[in-house]
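Let's take a walk through this protein together, starting with the whole fold and then moving in to individual residues. Keep the viewer open as you read.

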Amino acid sequence: MQAQVLLLGSLDTKAADFQFVRDIMQSAGLETIMIDIGVLGEPSIPADIDRRTVARAGGADLDAFLSGQHKDRAMQTMSDGATAIVRQLQHEGKIAGIFSMGGTGGTAIATAAMRTLPVGIPKVMVSTVGGGDVTAYSGGKDIIFFPSIVDVSGLNRISSRIYANAAHALIGMVKAPAPEISDTRPLLAASMFGNTTPCVTMVKDAIEQQGYEVLVFHATGTGGRTMEELIEQGLFVGLLDITTTELADNLCGGEMDAGPERCMAAPRQGIPTVLVPGCVDMVNFWGVETMPEKYRDRQLYRWNPSVTLMRTNIDENREIGQRIAQAANAAKGPVSVLIPKQGVSILDSPGGAFWDPDADRACFDAIRAQLKPGIPVDDIDCNINDPAFARAVVERMLNLLEQASTLPSRPVH
């Protein structure tokens, strides 16, 4: 049997919507598995996996929720159940793609199940919140959100077009041949921002000449979370965490917050890790008019019309330094910290808009004070984007990889 497309939906309230999409997919030659995640009224069309099965997989009896008095428990149960079923179907090799439609509740349940699937499996969510901030729903996974425009509540001249567009998008992804990938080089992860691009580019080029492939993640909050999740999944043999700016956003409430656990996955996994206080001089906000009132008198820089940067101060840098040290201290494998004494970004360089040696020193001193004895910390007397700093990062990473015995065979030139 060929792999199938999963359709997750509440068939008590949205049966017509899902029947419409299933017909489109089956007309295109795809096999489908309909999974009912509804908990209230009776389903209007049959499911391949019914709601009682989903509830049991979530550890509860559906009858406990039919009164509608325990919506919170019902949501969690169906989310857990759908996730468990999807995980099992993936283990059996039965999933070619996954598709759902719904409001906030349906989106929460369906995307929880989608997040259990590996990156690369097509995932489409038609949602009433699809045009807003979907970070809480997407996590670090490649879920494509289609704004439903109108509520997912039956077929009309708008919803039918949206549903058809979304369905055909999934059909195209499922039917498209997967690219042939013959690259078997060990993978390293690297974090990058516009303000550290010169450094990361030099490091990436040099490391890849040594037989590795480097995947670069944009430190935008989403990028950091995705990188940490993939590290936890064991995808990488090492991390070049050159751009730890998301720590500043987490501390100060910026828009590019990757959460309090940022920087922790690689040390806990025990893979060789180079940590750098890169771009910790800045917190990211949207347009200047969106700045929190308490920050209006701080040093600001308009990076572009949509992004405003705020210079971190001495106290904030001290806290960031402590967090970097905590990450290094948690390492179960080789780890090292490199400090660019002449600034942590393009803006934080002598004469630059964010040049503040006192604030930088607070971060650097906190790192040194909090690090466990024996963890290497190297002061490099240049800016983070100078070639000398990039060379130091490369040398230290290769040394750590050698300690971990993950050096590949050298390429033949």
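The protein has 13 helices and 14 strands. Please keep in mind that this is a predicted model. Along the principal axes, the C-alpha atoms fill a box of roughly 70 × 55 × 35 Å. The chain has 413 residues, and 52% of these count as buried.

Now for the interior. In soluble globular proteins, nonpolar side chains tend to be buried together. Here the largest nonpolar core has 30 residues, and Leu 6, Leu 8 and Ile 35 are the ones with the most contacts inside it. The elements giving two or more residues to this core are strands S1 (4–9), S2 (32–36) and S3 (95–102), together with helix H2 (51–57), H3 and H4. Of the elements, H3 gives the most, with 6 residues.

Next, turn to a pair of packed helices. Two packed helices are described by the angle between their axes and the distance between the axes. For helix H3 (residues 71–91) and helix H4 (residues 104–114), the axes come within 7 Å and cross at roughly 30°. Are these helices parallel or antiparallel? Angles under 35 degrees count as roughly parallel, and H3 and H4 are therefore roughly parallel to each other. Their crossing is right-handed. On the H3 side, Met 75, Met 78, Ser 79, Ala 82, Thr 83 and Val 86 make the contact, and they meet Gly 105, Ala 108, Ile 109, Ala 112 and Ala 113 in H4. Sorted by class, this contact of H3 with H4 has 8 nonpolar, 3 polar and no charged residues.

H11 passes H12 in a right-handed crossing. From H11, the residues in contact are Ile 314, Asn 317, Arg 318, Gly 321, Gln 322, Ile 324, Ala 325 and Asn 329, while H12 brings Asp 358, Ala 359, Asp 360, Ala 362, Cys 363, Ala 366, Ile 367 and Gln 370. By class, the contact of H11 with H12 has 8 nonpolar, 5 polar and 3 charged residues.

Asn 313 sits in the loop between strand S12 (307–311) and helix H11 (314–329). At 28% relative accessibility, Asn 313 counts as partly exposed. Not counting residues up to four places away in sequence, Asn 313 touches Arg 298 and Ala 359. The C-alpha atoms of Asn 313 and Met 282 are separated by 9.3 Å, and these two residues are 31 residues apart along the chain.

Go back now to Ser 127, which is in strand S4 (residues 123–127). Is Ser 127 buried or exposed? Its relative accessibility is 0%, so Ser 127 counts as buried. Leaving aside neighbours within four places in sequence, Ser 127 is in contact with Gly 102, Gly 103, Thr 107, Phe 145, Phe 146, Pro 147 and Ser 148.

The loop between strand S5 (144–147) and helix H6 (159–175) holds Ile 149. At 63% relative accessibility, Ile 149 counts as exposed. Its phi is near 65°, a positive value in a residue other than glycine. Gly 154 also lies in the loop between S5 and H6, but at 18% relative accessibility Gly 154 counts as buried. Gly 154 touches Asp 17, Ser 159 and Tyr 163, not counting residues up to four places away in sequence. Between the C-alpha atoms of Gly 154 and Tyr 212, 58 residues apart along the chain, the separation is 51 Å.

Our last stop is Cys 263, found in the loop between helix H9 (246–252) and helix H10 (265–269). Phi of Cys 263 is near 85°, a positive value in a residue other than glycine. With a relative accessible area of 1%, Cys 263 is buried.

Terms used. Residues numbered from 1 in each chain as written. Predicted model: local features only at pLDDT ≥ 70, side-chain atom pairs only at ≥ 80, totals over all residues. Heavy atoms only, no water. Axes fitted to C-alpha atoms, helices over the stretch in contact; angles between N-to-C directions. Helix = DSSP H or I, 4+ residues; strand = E, 2+ residues; numbered from the N terminus. Parallel < 35°, antiparallel > 145°, perpendicular 65-115°, else oblique. Left-handed = near helix turned anticlockwise from the far one by under 90°. Contact = heavy atoms within 4.5 Å. Nonpolar A, V, L, I, M, F, W, Y, C, P; charged D, E, K, R; others polar. Core = buried A, V, L, I, M, F, W, Y, C linked by side-chain atoms within 4.5 Å. Buried < 20%, exposed > 50% of the residue type's maximum accessible area, 1.4 Å probe, protein only.
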